[in-house]
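Please look over the sequence and the structure shown here before reading on. The notes after it are meant for someone meeting this structure for the first time.

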Amino acid sequence: MSLESLTSDALALLKNLIATPSFSGEEAETAALIRTWLESHDIPCEQIGNNIIAKNSHFTEEKPTLLLNSHHDTVRPNKAYTRDPFAPTVEEGKLYGLGSNDAGGCLVSLLACFAYWYKQTDLSHNVLMVASAEEENSGPNSLRGILKDLPQIDVAIVGEPTEMHLAVAEKGLVVFDATVTGTPSHAAHPNSDNPIYNAIPVLEWFKNYSFPKVSETLGEVKLTVTQIEGGKQHNAVPAHVDLVLDVRVNDCYTNGEIAEILEKEAPCTLRPRSLRLNSSSIDPGHPLVMGGKELGRRTYGSPTLSDQAALSCPSLKMGPGLSLRSHSADEFIEVAEVVEGIGIYVALLERFLKPDKFG
């Protein structure tokens, strides 16, 4: 099948995905659409939960494996939408709809690329396609949950909106629950140990705190207080104030090291929710990166999290669209971005899977 035909089919699939609600954990209908699309291109696939998996036709255990991955779940539409989030509409070259940018455009571009390479022979790597579920909530039935059921993965391309530039590293994430304590009392009586007031210097400490190690690719560790809760009624001083911290971790630290440092130094009690979402990266000299540079793509470090965090192998984040549009009202992707994305993916894999052609 020609690349032009695959591109047309991919755009049609993207519209169908937009029109079909697929909130995290509720992706059965979009999983069925993806299965039907692959089977219509004579590509057999399997399903684990709402994850769709396909292997290239000449897959063999003797070769290393390249994973192509993006997700088909979405967040819920926010209240600022002025359009129907489930009505795929093209206006002035923009395809509007929930999940169009994050990450439907990436997913259908990778699917088209996979279909292009599916039957080709003499490839340097196997190609494994996984359209995954529950990425947005890092759920138990996401890519992480099915890795044990997949062949060994040696390198990966994770489709997320990067304007088709090369995110060669991605920050990890640790979310902390913090507690500032005090003495509960009636509001009418003196209280020099009000936890709401006690929280003021704690918030200042978090505001001014910085980790000393700065990454060349990912910059500083980013610590942000994102939630605060304390008190239930106007006439009672609470016993404690609860905070939530979002910490984006560079590749100079493990999540465990970040937790150890903050638990030791922070002026309040801290509890990490999970330490599993570590930063990820790929060697700047890796053939995938070098191939992308040959195609005029630039490299950078990404502050946002993706299914890269589930992988222990070298991984590259790359896809059509713009990260700033993700989770925004009236989400869209340019049709031209999807067309370009498919072309760049195919050209990149030509350099990677057929390296002898390029000397």
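What follows is a short briefing, grouped by topic.

This is a predicted model. The protein chain contains 8 helices and 18 strands, and its C-alpha trace spans about 80 × 45 × 35 Å along the principal axes.

**Overall fold**
- A compact globule of 359 residues would have a radius of gyration near 21 Å, and the protein chain, at 23 Å, agrees with that.
- Of the 359 residues in the protein chain, 49% are buried.
- Where contacts join residues at least 6 apart in sequence, 80% of them link residues at least 24 apart.

**Surface and charge**
- The protein chain exposes about 16,200 Å², of which carbon and sulfur atoms supply 50%.
- There are 29 positive and 47 negative side chains in the protein chain, and the centres of these two sets lie 2 Å apart.

**Helix α3**
- Helix α3, covering residues 100-117, reaches 24 Å from its first C-alpha to its last, which is close to the 26 Å expected at 1.5 Å a residue.
- This helix, α3, is mostly covered, with 17 of its 18 residues buried.
- A cis peptide bond, with omega about -5°, joins D102 to A103, and A103 has its place in helix α3.

**Backbone angles in loops**
- Most residues other than glycine have a negative phi.
- D42, in the loop between α2 and β1, has instead a positive phi near 60°, and D42 is exposed, with a relative accessible area of 56%.
- S138, in the loop between β6 and α4, likewise has a positive phi, about 50°, while its relative accessible area of 27% makes S138 partly exposed.

Notes
Residues are numbered from 1 along each chain as its sequence is written. This is a predicted model: local features need pLDDT of at least 70, side-chain atom pairs count only at pLDDT 80 or more; totals for chains, interfaces and linings use all residues. Side-chain values use heavy atoms; hydrogens and water are left out. Helices (H or I, at least four residues) and strands (E, at least two) are DSSP runs, numbered from the N terminus. The radius of gyration is taken over C-alpha atoms; the globule rule is 2.2 Å times the number of residues to the power 0.38. Buried means under 20% relative accessible area, exposed over 50%, partly exposed in between (1.4 Å probe, protein chains only). Contact means heavy atoms within 4.5 Å. Accessible areas come from the Shrake-Rupley method with a 1.4 Å probe; for residues, only the protein chains shown count as cover. Lys and Arg count as positive and Asp and Glu as negative; His and the chain ends are not counted. The place of a charge is taken as NZ of Lys, CZ of Arg, CG of Asp or CD of Glu. The expected span of a helix is 1.5 Å times one less than its number of residues.
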